[in-house]
Amino acid sequence: MTETSPETTPDEVAGARLREVERAILARTPEHDIVPSLDRIREVLDLLGDPQRSAPVVQVAGTNGKTSTTRMVETLLREFGLRTGRFTSPHLHSVRERIAFDGAPIDPERFVATYDDIAPYLDLVDSRHDVRLSFFEVLTAM
């Protein structure tokens with residue numbers, strides 16, 4: 001948990017907590033070192049009530065150009081007045097870039113709150129498997 005002193009501002013506490021969450025996620029198996037299985041992510045999403053089934057989705061797959069294509073689709077949808085959520089990888093500056101709402105990266109407070117909301121489920125699934133959820137799986141669940 002983040003330690004505070006009487007002189008610590010709320011922004012400093014929030015920034016420290018964000019860094020703490022980012023470290024926890026980055027400490028997991030990296031994207032390039034995967035154990036191919038959908039079991040862990042399916043289990044987490046099942047525990048979360050399968051949120052991926054509650055909204056219309058445009059899935060972009062392939063070898064090259066996924067992020068560019070995703071951003072173009074997102075822009076078109078927003079031009080038609082729709083709200084959008086986007087999940088892409090990799091990120092350039094901040095892991096928060098991977099999760100975006102209406103074209104903007106998830107704000108730090110929401111990123112931390114989302115992680116805090118799902119952390120007990122991550123721990124539960126981790127305890128049931130020989131391999132912990134990976135960095136990418138955690139961000140996917142978020």
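**Helix packing and backbone details in a predicted model**

Q: What describes the packing of helix 2 and helix 4 in this predicted model?
A: The axes of helix 2 (residues 39–47) and helix 4 (residues 108–128) come within 10 Å. They cross at roughly 140°.

Q: Which handedness does the crossing of helix 2 and helix 4 have?
A: The crossing is right-handed.

Q: How do you know that helix 2 and helix 4 meet, and through which residues?
A: Contact takes heavy atoms within 4.5 Å. On the helix 2 side, R40, E43, V44 and L47 take part. On the helix 4 side, the partners are Y121, L122, L124, V125 and R128. These contact residues divide into six nonpolar, no polar and three charged.

Q: Which residues of helix 2 are buried, and what makes them count as such?
A: R40, I41, E43, V44 and L45 are buried. The label requires under 20% relative accessible area. The cover over the buried residues of helix 2 includes helix 4 and helix 5 (135–141).

Q: What follows helix 2?
A: G49 follows helix 2, with a positive phi near 85°.

Q: What makes the phi of D50 worth a remark?
A: Phi of D50 is near 50°, a positive value, and D50 is not a glycine. Most residues other than glycine have a negative phi. D50 sits in the loop between helix 2 and helix 3 (66–79).

Q: Why is D50 called partly exposed?
A: Buried means under 20%, and exposed means over 50%. D50 has 22% relative accessibility, so D50 counts as partly exposed.

Q: Where is D102, and what is its phi?
A: D102 is in the loop between strand 2 and strand 3 (104–105). Its phi is positive, about 50°, although D102 is not a glycine.

Q: Why is S134 called buried?
A: The cut-off is under 20%. S134 has 9% relative accessibility, so S134 counts as buried. The residue is found in the loop between helix 4 and helix 5. Leaving aside residues up to four places away in sequence, S134 touches R28 and T29.

Q: What makes the peptide bond from S89 to P90 stand apart?
A: That bond is cis, with omega near 0°. Most peptide bonds are trans. P90 lies in the loop between strand 1 (85–87) and strand 2 (99–101).

Q: How many helices and strands does the protein chain have, and in what order do they run?
A: There are five helices and three strands. From the N terminus, the elements run α-α-α-β-β-β-α-α.

Q: How much of the protein chain is buried, and what is its accessible surface?
A: Buried residues make up 30% of the 142 residues. The accessible surface comes to about 9,500 Å², with 54% belonging to carbon and sulfur atoms.

Q: What share of the contacts in the protein chain with a separation of 6 or more joins residues 24 or more positions apart?
A: The share is 56%.

Methods: Residues are numbered from 1 along each chain as its sequence is written. This is a predicted model: local features need pLDDT of at least 70, side-chain atom pairs count only at pLDDT 80 or more; totals for chains, interfaces and linings use all residues. Side-chain values use heavy atoms; hydrogens and water are left out. Axes are lines fitted to C-alpha atoms, for helices over the stretch in contact, and angles run from 0 to 180 degrees between N-to-C directions. Helices (H or I, at least four residues) and strands (E, at least two) are DSSP runs, numbered from the N terminus. A crossing is left-handed if the near helix is turned anticlockwise from the far one by less than a right angle, and right-handed if clockwise. Ala, Val, Leu, Ile, Met, Phe, Trp, Tyr, Cys and Pro count as nonpolar, Asp, Glu, Lys and Arg as charged, and the others, Gly among them, as polar. Buried means under 20% relative accessible area, exposed over 50%, partly exposed in between (1.4 Å probe, protein chains only). Accessible areas come from the Shrake-Rupley method with a 1.4 Å probe; for residues, only the protein chains shown count as cover.
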